[in-house]
Amino acid sequence: MKPALAVAMPGETIAGLRQASGYVCRNRNNTEEGKISEHAFGNAVDIAGFTLKSGKTIDIRPAERDSTLDGAFQRAITEAACLYFTTVLDPGSDAAHENHLHLDVKERRGGYRYCW
Ligand SMILES: [Zn+2]
């Protein structure tokens, strides 16, 4: 399935994703008690990185203050993900998401989106 909106590096094409997690029966952030993760409902995926057509790889990492093209790519793709997913957690959200993007489709009242 082709997305309606694509984010890419100038002169590049995204050729692959490195998935870190998908369906896993667990609580949020792997805690013993608390809320059930959207991963346990099969509604979430974690993306650890991207492979570009040139073979270049981009790993998800803290990039809030990264002024390189890779940093700009990561921030752009994080923002674009909120158009399609209702929850987007990136390395800036908390320590549990330091090396991946968490994307899920949890339904919230009023179509509210939680994107950090
Ligand atoms: Zn996740």
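Leu103 sits in strand β5, where strands are DSSP runs of E with at least two residues and helices are DSSP runs of H or I with at least four, numbered from the N terminus. This is a predicted model, in which local features need pLDDT of at least 70 and side-chain atom pairs count only at pLDDT 80 or more, while totals for chains, interfaces and linings use all residues. Residues are numbered from 1 along each chain as its sequence is written, and side-chain values use heavy atoms, with hydrogens and water left out.

Is Leu103 buried or exposed? Leu103 counts as buried because its relative accessible area is 8%; buried means under 20%, exposed over 50%, and partly exposed in between, with a 1.4 Å probe and protein chains only. Not counting residues up to four places away in sequence, Leu103 touches Asn43, Ala44, Val45, Asp46, Ile47, Ala81, Phe85, Thr87 and Val88, contact meaning heavy atoms within 4.5 Å.

Which side chains make polar contacts with that of Thr87? One is the side chain of Asp104, at 2.7 Å, and another is that of Arg108, at 2.8 Å. A polar contact here is a pair of N or O atoms within 3.5 Å; within protein, one must be able to donate a hydrogen and the other to accept it, and residues adjacent in sequence count only if both atoms are side-chain atoms. Beyond four places in sequence, the contacts of Thr87 include His102, Lys106 and Tyr114.

I turn now to the metal site. The zinc ion has as protein donors His39 (NE2), Asp46 (OD), Asp46 (OD) and His102 (ND1), lying 2.0 to 2.8 Å from it. Donors are N, O and S atoms within 2.8 Å of the metal (3.2 Å for Na, K and Ca), and water is not among the atoms, so sites may look incomplete. The donor residues are spaced H-x6-D-x55-H in sequence. The angles among the four donor atoms run from 51 to 157°, and the site is irregular.

Arg26 lies in the loop between β1 (14–21) and β2 (44–52).

Two further residues of that loop deserve a comment. Asn29 lies in the loop between β1 and β2 and has a positive phi of about 55° although it is not a glycine. Asn30, in the loop between β1 and β2, likewise is not a glycine and has a positive phi of about 60°. Asn29 is partly exposed because its relative accessible area is 40%, whereas Asn30 counts as exposed because its relative accessibility is 57%.

Finally, helix α1 (residues 69–81) contains Asp70. Asp70 is buried, since its relative accessible area is 18%. The side chains of Asp70 and Lys56 are joined by a polar contact of 3.2 Å. Leaving aside neighbours within four places in sequence, Asp70 is in contact with Met9, Lys56, Ile58 and Arg61.

Definitions and conventions: Four donors count as tetrahedral if all angles lie between 85 and 135 degrees; four count as square planar and six as octahedral if opposite donors are over 155 degrees apart and all others between 65 and 115; anything else is irregular.
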